[in-house]
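Here's a quick tour of one model. Have the sequence and the 3D view ready.

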Amino acid sequence: HVEYDPVIVEVNNMKLQFAKQLFINGNFVNSESGNTMECINPANESVICSIQCASEADVDHAVKAASRAFEGEWSEMSPRDRGAIMYKIADLLDENREELATLESIDSGAVYTLALKTHIGMSIDVWRYFAGWADKIHGQTVPISHARPNRNLTFTKKEPIGVCGIITPWNYPLMMLSWKMAACLAAGNTVVMKPTELSPLTALKFAELSVKAGFPAGVINILPGLGIETGRAIAEHPDIRKVGFTGSTATGHTIMKASSESNLKKVSLELGGKSPLVIFDDCDLEKSVRMSMGGVFFNKGENCIAAGRVFVESSIHDQFVERVVEEVKKIKIGNPLDRDTHHGPQNHKAHLNKLINYCKKAKDEGAVLKIGGKRLDQPGYYFEPTVFTDVEDHMFIAQEEAFGPIMAISKFSSSNLDAVIKRANSTEYGLSSGIFTKDIGKALRFAEKIDAGTVFINTYNKTDVAAPFGGFKRSGFGKDLGEEALNEYLKIKCITVEY
Ligand code: NAD
């Protein structure tokens, strides 16, 4: 064990302080391997700091601490008291909202105003939402068919699973941590969490606040590190009973395999997407333009439910494209900390390069570039908001997730709803979808036939703490948010009494 050894960074006259060590059993400790990694500010490519990387041995220490907390203090605490600590962390996040939003912004490139409202704002909401659930988890009585009912009582109990692993990506660092961890803890589990190596700083600040909130030692363990080392150790650990994962489909496969080859731990996977947005000519055109812009460019396209394909009915196609291009020209790209910036840098350099190649491939395949398509000629990982038209279903740009600010527009020319739904379903993903039309019957038929976990009708991006969120097909399985998320972190025991 070592003394808490914080990093202090000054940004816009604000002093940001956070740990650079691992958080295990209520203490900040150094990694056994001594390995460190650099955190880069994507707005100027400078090094913010170096932090510790957790090794396999560190994961093991954390699992032991989490097991002790699960067998002891956390399970013995009343659900109401557990909920009270969760409300307290929400209050602390709220009190530190500006500092957290600044930290998230320099670490991930998120625009400050969005980080404040969404990255941090929704994190606070989700802690409050699940704090309220902590003392409302219950089973049910079950009428049984094979025996005399008045001589038998069958009932279920929902119980926590034990030590859970949580592994998250870089697009909404604190929010992804919060979506999963709040449900996990409300259900009565303890946690070993690995934030992304690409934007881990708000998770470390969260660790510090969790001590102030009063979580007993070992309930929350936060271990930054690389996917192939720390993530793999969590996925393979025999005493971790569940892994909640958000990230790419490729890593989702690896996590499933690790579960299968270790202890068959329960897994929930929130993976990639290529979500279709279908715009009919009877829609409110201005609203559909506004919502499509948000659907694609929100959080610089680093949004899992980003509308990766926009299908526009041919009668309004040209007008739609013209309006979108006009709006794209108004997007202010710049320093994410400036209050009037709309669009900040992409999260990291490899991602920027991926987007550059993605656009090249789209052009090579015949998609037509209307605007954008290149990085800004300045330091920082800035990539222009981009619009392609003439996208055909077989093209790379129609099938592969960009996870960046790239709108891929296709035309559909008949009013045959089933034909466009078939096209909308023609990727291996099934995360989200949207439709714009005044014909509510058409919209509901779309909702019925589309193979996606979320459907937005005449709106987009309306994610809510109470609304279950998660995908189908290779977008994964299991839900975050809402009551369904709790069930991901509970096991059901069935008890029968004969009397
Ligand atoms: P990623 O899969 O590369 O990494 C996600 C996390 O997994 C990171 O913490 C990483 O360190 C870890 N990891 C990597 N290899 C691992 C391994 N072998 N074992 C265990 N852990 C490992 O994904 P990313 O690039 O960070 O995030 C982008 C992806 O996340 C996109 O595909 C996006 O669509 C998806 N995403 C999905 C949702 C959703 O809710 N469906 C939300 C946000 C992001």
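The notes below go from the whole chain to the ligand site and then to one helix pair.

## Ground rules

This is a predicted model, where local features need pLDDT of at least 70, side-chain atom pairs count only at pLDDT 80 or more, and totals for chains, interfaces and linings use all residues. Numbering starts from 1 along each chain as its sequence is written.

## Overall build

The protein chain has 16 helices and 23 strands (DSSP runs numbered from the N terminus: H or I of at least four residues for helices, E of at least two for strands). Its C-alpha atoms fill a box of roughly 70 × 65 × 40 Å along the principal axes.

## Around the ligand

The ligand has 29 residues around it, the closest being P169, G227, G231, G247 and C304 (a residue is near if its C-beta atom, placed from the backbone, lies within 6 Å). Helix 8 (227-236) and helix 9 (249-261) each give at least two residues to this shell, and helix 8 has the largest share, with five.

## Helix 10 against helix 11

Helix 10 (residues 285-297) and helix 11 (residues 314-329) have axes that come within 10 Å and cross at roughly 50°; axes here are lines fitted to C-alpha atoms over the stretch in contact, with angles from 0 to 180 degrees between N-to-C directions.

On the helix 10 side, L285, V289, S292 and M293 do the meeting; their partners in helix 11 are I316, Q319, F320, R323, V324 and E327 (contact is C-beta atoms, placed from the backbone, within 7 Å).

Definitions and conventions:
Contact = placed C-beta atoms within 7 Å.
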